[in-house]
Amino acid sequence: MRRFLQGLILLLLPGLPALAANVVTTTGMIADVARNIAGECVEVEALMGPGVDPHLYEARASDIGRLRNADAIFYNGYSLEGQLGSVLSKLGERKMTLAVAPQSMVDDQLLMANEDDSYGVDPHLWMDPGRWVRIVPTLRSALQEVAPACSDAIKRRSKAYKADLEALDQWISDSIITIPDERRVLVTAHDAFGYYGDAYRLEVLGIQGISTDSEPAIADIRNVVDTVAERGIPSIFVESTISRRTVESVVQGAARQGHDLKIGAELYSDAMGESGTEAGTYIGMLRSNTEAVTRGLGGTVAPWPERLSDHWQGRDAGNHEKQGEQ
Amino acid sequence: MLALLGDYTVQNVLLGATLLGVVSGLLGSFAVLRQQSLMGDALSHAALPGVCIGFLITGTRHLGWIMAGALTTSVIAALFVQLVVRYSRIKTDAGLGIALSVSFALGVMLLTWIQGMPNASQGGLDTFLFGQAAATRRQDLWFMGGVTLLAVLLVMGLWKQLKLVTFDPLFAGSIGLPVVRLESILTAMIALAVVVGLQMVGVVLMTAMVIAPAAAARQWVSRLEHMILLSMFMGVISGVVGVLFSATVPHLATGPVVVLAASALVAVSLLLAPGRGMLWSWFALWRERRAIGQRQMLTTLYKLAQHHNDPHYPVERSMLDSFYGVATDPILRRLHERGFIAPASHMRVEGRHWALTDAGYSEAEKVLEQLGMATEESA
Amino acid sequence: MSCTQRHEPNLALHIEDLTVAYEGRPVLWDIDVNIPPGVMAAIIGPNGAGKSTLIKTVLGLVRPTAGHICVYGYTPRQAVRRIAYVPQRSSVDWDFPTTVLDVVMMGLYGQLGWLRWPGRKERQRAMEALESVGMEALAQRQINQLSGGQQQRVFLARAMVQDADVLFLDEPMAGVDATTEKAVVALLQELRDAGKTIIVVHHDLQTVRDYFDWLVILNVRVIAQGRVRDIYSGANLRRAYGGRIALLDPESGEEEPDAVPREVGG
């Protein structure tokens with residue numbers, strides 16, 4: 001029997017493709033960055049697809065299988081993947097399981113979720129490419145460990161992607177700055193845009209708190225309604241992973257106070273858009289968001305940088321336009 | 001408080017909670033009287049797969065489709081329970097348990113499966129688990145109002161039939177009423193209530209809203225008409241209190257507070273309702289015990305008086321204490337208040353004495369007569 | 001299962017070939033029963049003999065597997081206005097929030113149709129029915145405060161208010177005090193004398209001869225039926241109840257000789 005098997009393997013060996021290394025991430029935002037750096041060398045897949053809320057995501061049996069078979073696991077950290085904590089720590093005992101955000105960030109870059117520090121660090125770091133670029137070196141070394149054969153290619157790509165993200169950062173800044181001062185308030189369904197607001201000097205206001213785990217309270221809705229009406233904020237934004245109800249009830253409340261609040265386009269907060277569409281990549285997601293916010297608040301979008309033309313194949317009318325007032 | 005009541009958001013939620021209270025109280029009354037309270041639990045859990053299926057069919061979170069899905073699966077679960085109970089050996093409680101767990105498992109499975117789908121508009125389906133009362137919108141109110149109106153009209157139109165089928169289905173059948181159909185309507189109505197409450201308190205807590213106002217109301221009134229009205233009223237009160245309370249405290253979710261208010265009403269009703277309340281029973285029991293003690297004491301004094309041939313024979317208190325084995329002061333005091341005994345003394349150095357008065361003497365005779373015990377012959 | 005064209009119109013109750021099965025076992029089999037109008041009939045038999053089932057099948061509450069039933073030549077459904085039913089007291093949760101008068105008025109729901117609500121006329125008829133059972137003083141009483149005998153009278157009043165020609169009663173004397181039992185029997189006999197047919201599932205063998213003039217002895221099949229004096233015999237009872245059964249003369253306490261059984265029907 002043994003001889004037979006050995007012979008079989010020797011026969012098949014030339015036919016077997018070089019088994020690519022594979023890596024599993026939790027969010028698409030991490031996966032997309034990793035993909036851009038790793039190229040063909042490493043297969044990268046994300047557990048949470050478009051429209052999935054990472055705060056609430058619970059691992060299924062098939063997920064565990066994928067996690068087990070991976071060569072490395074990358075997750076966000078700072079309690080974003082609230083329901084996966086124990087699964088990830090168990091896996092961490094046996095293989096490289098990397099919390100990319102805590103590994104990459106420096107303390108003074110972090111924002112707290114609540115004023116009173118009661119929740120901990122705000123995990124939505126991908127909202128600011130200026131911060132998110134810091135995970136590139138982290139991912140680079142990890143990927144080089146996983147696929148040492150491609151070390152050089154990985155290094156090359158990570159340098160290029162880093163420059164891409166810096167260009168993106170500049171572009172966003174150029175766009176947001178055109179929003180008139182009194183309109184620089186970003187009202188969304190939950191507090192996901194803290195870093196975005198901090199980086200580009202926008203005030204942010206979310207109806208629900210940092211995590212969508214909690215049910216919005218009447219006081220929360222009233223707060224936002226009053227603020228919006230008092231300050232004459234023109235637009236409020238829905239998010240792809242959250243039901244529109246809370247936003248719609250704020251709009252109705254504001255209308256009652258005589259303020260015409262428009263629902264701006266759908267923003268991608270905790271997940272990217274559908275894969276295959278422009279907003280299905282990290283850069284695309286931020287472009288879509290920025291265009292929606294800028295236009296919704298009365299600013300002008302800056303011209304898309306030459307460097308990033310590969311990252312946005314489509315026409316200017318991205319899929320976010322279709323999801324305007326519904 | 002006035003500022004709260006004037007606020008549009010609060011008004012919306014209040015109106016929603018009021019409609020919920022009305023429909024829960026109305027339809028829950030029949031469920032409770034038919035001993036099908038758990039049906040509310042089964043049906044609300046059965047709404048979850050319907051919500052998911054509604055989403056899967058249309059690919060959007062459109063309210064109408066989701067509610068239609070919820071109503072459909074709820075009604076299917078209800079009919080399933082009815083059929084199973086009628087035509088197999090499975091009893092109602094087992095049937096309800098099966099329907100509840102199977103449909104809820106199906107719902108959760110669908111939820112997680114949808115989670116894995118690439119459709120980007122699936123976010124927020126899980127809010128149906130616990131509801132999102134604070135985000136009540138105009139459309140929600142129209143929907144809830146419509147369903148509530150339908151329920152009220154249905155109950156008013158079929159009032160006699162529903163009452164009789166609930167009380168005595170056998171007799172109802174004998175006078176020609178279509179009992180099975182009416183029972184199905186009663187059960188389906190619970191599904192209606194569930195659908196109304198889905199967005200306010202969610203699948204998990206809806207069962208409490210179906211049961212609590214009706215159970216509380218039952219304690220206070222004695223006619224079905226009154227029970228239903230009171231039940232609706234209590235449902236509304238729970239809703240209003242829940243909304244106002246959660247509106248004043250920051251970060252407090254509304255749905256659970258409404259349910260807590262309803263539960264508090266039940267607890268109060270169970271304890272305090274005259275006639276049926278527990279405190280009243282305890283009070284009546286206490287009074288009865290006290291009366292027995294007094295009667296015993298009177299008859300003892302009587303027998304002693306008979307034995308000593310003196311209707312006003314003074315008895316030393318310690319003697320009574322030792323006979324009864326407990327302190328008799330409270331009983332003696334009470335008898336004194338009622339005029340049946342009077343203090344007496346025999347010898348100064350001894351302790352308190354008591355003797356029967358004329359009134360006490362005849363009262364003791366009456367008690368003994370009532371008990372059918374022969375009195376001693378006066379020697 | 002249906003009567004065609006006034007089948008056997010002269011019988012208050014005509015049952016032929018009736019079979020009712022439950023979980024594959026027959027509870028009633030090949031039942032032929034003929035009850036003439038104007039009698040007070042008892043249906044007796046051991047527990048599980050199918051007595052309650054028989055009544056429920058006649059009323060349409062249970063589906064038969066075979067056979068047909070006619071009341072004065074009509075199907076029970078057609079004759080629903082001529083039939084009244086007094087179910088067992090235990091079939092109801094007496095803690096229901098309603099009054100005595102209300103329960104009696106429920107007897108009129110069938111006649112009111114779907115949408116009409118009971119009014120003054122119905123109230124009056126209900127009060128008259130309560131008077132005839134001696135319960136008019138308790139008209140506003142909560143039904144959960146009634147004794148067993150009072151509950152039975154309320155049910156009886158509810159049936160009487162329907163002015164039916166045939167009354168079916170399921171164990172009306174069970175668990176009832178002696179006074180009520182006497183009163184109920186007297187009332188039923190009055191109704192019988194007025195031309196109505198009374199059919200009672202009865203549990204007490206001792207009183208059959210005193211109360212009833214017609215008898216059906218049942219144990220899945222009909223053992224015997226006919227006039228009480230003809231078929232109430234030790235032999236028939238033994239056949240129904242199996243085992244030993246002795247008829248004792250109430251006066252002397254001695255065993256009566258067997259009457260010659262006369263087979264009537266199947």
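Leu110(A) counts as buried because its relative accessibility is 16%, where buried means under 20% relative accessible area with a 1.4 Å probe, protein chains only. The model is predicted, with local features needing pLDDT of at least 70, side-chain atom pairs counting only at pLDDT 80 or more, and totals for chains, interfaces and linings using all residues. Residues are numbered from 1 along each chain as its sequence is written, chains are lettered from A and ligands numbered from 1 in the order in which they are written, and side-chain values use heavy atoms, without hydrogens and water.

Leu110(A) lies in the loop between helix H5 (100-104) and helix H6 (129-132) of chain A; helices are DSSP runs (H or I, at least four residues) numbered from the N terminus. Beyond four places in sequence, Leu110(A) is in contact with Tyr78(A), Met105(A), Val121(A), Leu125(A) and Tyr195(A), contact meaning heavy atoms within 4.5 Å. Asp122(A) stands 12 residues from Leu110(A) in sequence, with 7.4 Å between their C-alpha atoms.

Between the two chains, 43 residues from chain B and 30 residues from chain A take part in the contact. The buried area is about 2900 Å², 51% of it from carbon and sulfur atoms; this is the accessible area (1.4 Å probe) that two parts lose on being put together, summed over both. Chain B and chain A share 3 salt bridges, each a side-chain nitrogen of Lys or Arg within 4 Å of a carboxyl oxygen of Asp or Glu. A salt bridge joins the side chains of Arg137(B) and Glu248(A), at 2.2 Å from N to O. On the side of chain B that touches chain A, H2(B) gives the most, with 6 residues.

Definitions and conventions
Helix = DSSP H or I, 4+ residues; strand = E, 2+ residues; numbered from the N terminus. Buried < 20%, exposed > 50% of the residue type's maximum accessible area, 1.4 Å probe, protein only.
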